[in-house]
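Please consider the model shown below.

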Amino acid sequence: MRTNVIGTLNLADLCNERGIHCTVYATGCIFVYDEKHPEGSGIGFTEEDTPNFDGSFYSQTKGYMEPMLKEYPTCLILRVRMPVSDDLFHRNFVTKIAKYEKVVNIPNSMTILTEMLPASLAMAKKGLTGVYNFTNPGVISHNQVLDLYKKYIDPSYTYTNFTIEEQAKVIKAPRSNNELDTTKLMRDMPEGIVINDIHTAYELCFQRMKENLTKMGWLPDNMPAEFKRNK
């Protein structure tokens, strides 16, 4: 509460008082597929849509915050989803799901940080404000991500699927699964910034990850146990 609500509002308020541009890396995990935005339809949630997911306390606080942050004319709110880096940092979405025995296979919008972080700086320099869905265009499923992990990082890796209902029995809070519409993001993106579709971006990310892990001596066969799922 202090970080997600009080701290963020204080920062946005102080920046606004001083006329300082403020970029907030927020979340797109405030939506879940529904009748108007069915899974696999290609119909994504826009920046104007009202959050419809509050299954976790985290998502609740973020859903409360966004309408208030939008009132600050100096604030840029970026809806990040399932961020992915070019390594196996423990907060990397790939690292998280690679450790699971079972995963749900649901298409989601995601954020490839190597491409999107420079984009956020360019957006701030341009002076953009308001809410933006901050993901690579398109969606990719958990299975497709893990197939790339198997292709580039660990050829011996295996995984199995289970349903959302089965998942609900082993997690503390429901998960947000959705597609975000990136039309506004791509329309307003500063010139010279390249943002690939999510499948191309993921392929390039895993290529960089393989190169990075090889330089670190982790590949081909020296991966630390903590970065592997339990077998």
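Helix 1 and helix 2 cross in a right-handed sense, a crossing being right-handed if the near helix is turned clockwise from the far one by less than a right angle, and left-handed if anticlockwise. Helices here are DSSP runs of H or I with at least four residues, strands are runs of E with at least two, and both are numbered from the N terminus. The model is predicted: local features need pLDDT of at least 70, side-chain atom pairs count only at pLDDT 80 or more, and totals for chains, interfaces and linings use all residues. Residues are numbered from 1 along each chain as its sequence is written, and side-chain values use heavy atoms, with hydrogens and water left out.

Two packed helices are described by the angle between their axes and the distance between the axes. For helix 1 and helix 2 the angle is about 20° and the axes are 10 Å apart; axes are lines fitted to C-alpha atoms, for helices over the stretch in contact, and angles run from 0 to 180 degrees between N-to-C directions. The two helices are therefore roughly parallel to each other, the classes being roughly parallel under 35 degrees, roughly antiparallel over 145, roughly perpendicular from 65 to 115, and oblique for the rest. In this packing, Asn4, Val5, Thr8, Leu9 and Ala12 of helix 1 meet Tyr58, Thr61, Lys62, Met65, Met68 and Leu69 of helix 2, where contact means heavy atoms within 4.5 Å. The contact comprises seven nonpolar residues, three polar and one charged; Ala, Val, Leu, Ile, Met, Phe, Trp, Tyr, Cys and Pro count as nonpolar, Asp, Glu, Lys and Arg as charged, and the others, Gly among them, as polar.

The structure holds one cavity of 30 Å³ or more. On a 1 Å grid over the protein atoms alone, a cavity is a set of points where a 1.4 Å probe fits but cannot get out, whereas a pocket is an open set with protein on both sides within 12 Å along at least five of seven lines; lining residues have an atom within 4 Å of a point. Grid points are joined across faces, edges and corners, and a volume is the space filled by probe spheres set on the points. The largest cavity has a volume of about 80 Å³, and its lining includes Asn4, Thr8, Lys62, Met65 and Leu69. Helix 2 gives the largest share of this lining, four residues.

The largest pocket holds about 1000 Å³ of space. It is lined by 37 residues, of which Cys29, Met82, Pro83, Phe93 and Lys96 are the closest to its centre. Met82 lies in the loop between strand 2 (75–80) and helix 3 and has a positive phi of about 45° although it is not a glycine. The second largest pocket has about 150 Å³, and Val32, Tyr33 and Glu39 are among its lining residues.

Finally, a cis peptide bond joins Leu219 and Pro220, with omega about 15°; Pro220 lies in the segment after helix 8.
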